[in-house]
Amino acid sequence: MSDDQQPQHPVGGARRPSEQGLATQAIHRGAQFRESTGAVVPPLFQTSTFESGNPGGFDYTRSGNPNFRNLADVLAGLEGAAFATVFGSGVSAITAVASTLQSGDLVVAEENVYGCTYRLFEQVFAKFGVRVEYRDLTDGAEVERLSGHSAALVWIESPTNPMLKVIDIAAVAEASHAGGAALVVDNTFASSILQRPLELGADLSLLSTTKYSNGHSDALGGVVCTDSEPWFEKMEFAQKALGLQPSPFDCWLTQRGVKTQPLRMERHCANALALARFLEAESGAVWVRYPFLPSHPQYELARRQMRGGSGIVSAELGLPLQATVRFLDRLNLFPRAESLGGVESLCCHPASMTHASVPKAAREAVGISDSLVRFSVGVEAIDDLVADLRGALSEVGR
Ligand SMILES: *Cc1c(COP(=O)(O)O)cnc(C)c1O
């Protein structure tokens with residue numbers, strides 16, 4: 001088939017599991033629509049509409065664009081999925097999945113679910129009669145109880161934010177299915193490179209591609225991956241019917257980022273592990289959490305389920321609020337910012353940033369104290385990152 005005769009099926013090629021390595025797929029998949037120019041990189045299709053009867057079956061960009069199809073193809077490949085649908089942000093992808101629920105449906109969500117997912121359930125979908133119950137799914141008894149629920153969806157993240165709890169995806173999938181629920185895994189923190197939820201039994205794997213997929217903090221996006229054709233059709237419908245589509249340019253940028261994702265994840269993992277070890281050994285922290293530190297409560301599970309620990313490290317520094325803020329201010333290579341997964345390191349103070357709207361008592365009940373800090377460890381030289389932390393720690397007497 002030439003580039004000009006595209007299959008009508010957006011990611012039909014992804015149905016055959018590829019035997020190529022992730023680093024090869026990240027670079028070579030999703031390279032359609034180069035047409036007759038010989039361009040090594042497919043161009044940007046910055047168009048809102050298409051002439052009827054074109055071989056790609058395109059009509060209007062809200063319901064499809066060559067840049068969407070190329071990005072969906074490579075993201076499906078990395079996730080080992082038959083199908084993928086791209087969205088304008090991670091929250092758009094979450095909205096697409098939640099929009100399939102009916103009034104009266106029950107969702108069982110992990111209690112440490114991403115803040116914007118919680119807000120969407122509580123402040124938007126609750127108005128339409130969707131009920132959500134929150135459970136600690138690191139607790140095996142709670143996982144078993146899922147098989148007795150009549151939930152429509154079970155919603156988890158692993159690792160979670162910011163506590164980095166690791167949830168047993170295969171066990172949760174089995175119990176969810178026994179109770180008749182579909183399992184959605186938000187795979188953003190691990191990324192497709194390190195964790196394959198669909199292979200562990202999940203029905204949907206969802207990512208904010210804003211984070212590790214793009215990796216350069218310059219575009220937003222989301223994706224829902226699945227092996228189920230009916231779910232894929234629901235996601236394609238949501239993309240156009242709810243207006244959740246990405247921009248062609250953001251897809252093009254994200255695809256550019258994806259090419260180096262396997263390479264970047266290696267460095268994120270190595271840097272984060274080194275930094276976590278340093279903090280555990282030398283910072284005087286009360287605890288340091290990283291999935292691949294032997295002190296992590298679900299260390300064995302993390303080693304089984306993930307190919308690397310990813311790039312996020314959380315630490316309870318055990319300092320008063322003022323000293324915690326002084327420590328963060330003194331860091332040079334970790335600007336205080338929300339988001340994660342970019343090449344640059346960032347730090348986050350959940351109590352005053354991501355979780356500021358949560359009352360102090362409620363925050364502390366789930367472990368988010370005034371001196372909890374979260375690092376998104378970038379791909380800089382590790383010696384510089386450690387030296388920066390060392391300097392800021394000495395500023396607060398550590
Ligand atoms: C950032 C994030 C989202 C939301 O993604 P956006 O692209 O910011 O809309 C969802 N889930 C997790 C775990 C995230 O970190």
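A polar contact here is a pair of N or O atoms within 3.5 Å; within protein, one must be able to donate a hydrogen and the other to accept it, and residues adjacent in sequence count only if both atoms are side-chain atoms. This is a predicted model, where local features need pLDDT of at least 70, side-chain atom pairs count only at pLDDT 80 or more, and totals for chains, interfaces and linings use all residues. Residues are numbered from 1 along each chain as its sequence is written, and side-chain values use heavy atoms, with hydrogens and water left out.

Q: How far is an oxygen atom of the ligand from an N or O atom in the side chain of S208?
A: Start with the backbone: a polar backbone atom of V91 sits 2.9 Å from a ligand oxygen. For K211, a polar side-chain atom is 2.8 Å from an oxygen of the ligand. For the side chain of S208, the N or O atom to ligand oxygen distance is 2.8 Å.

Q: Which helix gives the largest share of the shell around the ligand?
A: The ligand has 13 residues around it (a heavy atom within 4 Å). They split into five nonpolar, six polar and two charged. Three of the shell residues, the largest share, come from residues 90–98, helix α3.

Q: What is the radius of gyration of the chain?
A: The chain has 13 helices (H or I, at least four residues) and eleven strands (E, at least two), both DSSP runs. The globule rule (2.2 Å times the number of residues to the power 0.38) gives 21 Å for 398 residues, so the chain is as compact as a globular protein of that length. Taken over C-alpha atoms, the radius of gyration is 21 Å.

Note on methods:
Nonpolar A, V, L, I, M, F, W, Y, C, P; charged D, E, K, R; others polar.
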